[in-house]
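Colleague: I would like to go through this model and ask how each label was reached. Please set the values beside the cut-offs as we go.

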Amino acid sequence: MSNETIGKFLLNLYEKTGDNEIEYFDKYEIGEGIGLLDKKEVDDVVKVLVKDGFIIIDAGIPKIRITEEGIEQIRNNQI
């Protein structure tokens, strides 16, 4: 998985979030939105973004949301 894929995933989540930073989205739908159809690959991307503090995952279900740190990464063009 490349940094480009990770960046596209975070950007897609950011764009879906809009002004609602607390809304959760299905991580697999976010992955599909950038052409990731392999669930394991989506899970790997999510693990990296959680570790970096850019997203939060809702335990037990495939829902994620962007964090303030993730928003700042996108706004500062750091991903």
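Modeller: What follows is a set of questions on the labels used for this predicted model, each with its reasoning.

Colleague: How many helices and strands does the protein chain have, and in what order do the elements run?

Modeller: The protein chain has 4 helices and 3 strands. Starting at the N terminus, the order is α-β-α-α-β-β-α.

Colleague: What makes the radius of gyration of the protein chain agree with that of a compact globule?

Modeller: A compact globule of 79 residues would have a radius of gyration near 12 Å, and the protein chain has 11 Å, so the two agree. The C-alpha trace spans about 30 × 25 × 20 Å along its principal axes.

Colleague: What share of the residues counts as buried, and how much area does the protein chain expose?

Modeller: Buried residues make up 35% of the 79 in the protein chain. As for contacts with a separation of 6 or more, 57% are between residues 24 or more positions apart.

Colleague: How do you know that the length of H1 agrees with its number of residues?

Modeller: H1 has 15 residues, and at 1.5 Å a residue these should span 21 Å. H1 covers residues 3–17, and glycine 18, which follows H1, has a positive phi near 60 degrees.

Colleague: Why is asparagine 12 called buried?

Modeller: Buried means under 20% relative accessible area. Asparagine 12 has 11% relative accessibility, so asparagine 12 counts as buried. Asparagine 12 belongs to helix H1. Leaving out residues up to four places away in sequence, asparagine 12 touches Ile30, Gly33 and Ile34.

Colleague: Why is threonine 5 called buried?

Modeller: The relative accessible area of threonine 5 is 16%, so threonine 5 is buried by the cut-off of under 20%. Threonine 5 also lies in helix H1. With residues up to four places away in sequence set aside, threonine 5 touches Ile34, Leu36 and Val45. The C-alpha atoms of threonine 5 and glutamate 41 are 10.0 Å apart, while the two residues are 36 residues apart along the chain.

Colleague: Which other residues of H1 are buried, and what do the buried residues of H1 pack against?

Modeller: The buried residues of H1 also include Ile6, Gly7, Phe9, Leu10, Leu13 and Thr17. The elements that the buried residues of H1 pack against include strand S1 (25–26), helix H2 (27–33) and helix H3 (39–51). Strand S2 (55–58), strand S3 (63–66) and helix H4 (68–75) are also among them.

Colleague: What makes isoleucine 71 count as buried?

Modeller: Isoleucine 71 has a relative accessibility of 3%, so isoleucine 71 counts as buried; the cut-off is under 20%. Isoleucine 71 is part of helix H4. Not counting residues up to four places away in sequence, isoleucine 71 touches Tyr14, Glu21 and Ile66. Isoleucine 71 and leucine 13 are 58 residues apart along the chain, and their C-alpha atoms are separated by 9.6 Å.

Colleague: Why are serine 2 and valine 50 called partly exposed?

Modeller: Partly exposed lies between the two cut-offs, under 20% for buried and over 50% for exposed. Serine 2 has a relative accessible area of 33%, so serine 2 is partly exposed. Valine 50 has 34% relative accessibility, so valine 50 counts as partly exposed.

Colleague: Where are serine 2 and valine 50 placed?

Modeller: Serine 2 is in the segment before H1, and valine 50 is in helix H3. Setting aside neighbours within four places in sequence, valine 50 is in contact with Ile55 and Ile57.

Colleague: How do you know that lysine 39 lies over the face of tyrosine 28?

Modeller: A charge over a ring must be within 6 Å of the ring centre and within 35 degrees of the ring normal. Lysine 39 is 4.9 Å from the ring centre of tyrosine 28 and lies over its face.

Colleague: How many aromatic pairs does the structure hold?

Modeller: The structure holds 0 aromatic pairs. Two rings pair if their centres lie within 6.5 Å.

How values were computed:
Residues numbered from 1 in each chain as written. Predicted model: local features only at pLDDT ≥ 70, side-chain atom pairs only at ≥ 80, totals over all residues. Heavy atoms only, no water. Phe/Tyr/Trp six-rings, centres within 6.5 Å; stacked < 30°, edge-to-face > 60°. Helix = DSSP H or I, 4+ residues; strand = E, 2+ residues; numbered from the N terminus. Rg over C-alpha atoms; globule rule 2.2 N^0.38 Å. Buried < 20%, exposed > 50% of the residue type's maximum accessible area, 1.4 Å probe, protein only. Contact = heavy atoms within 4.5 Å. Expected span 1.5 Å × (residues − 1).
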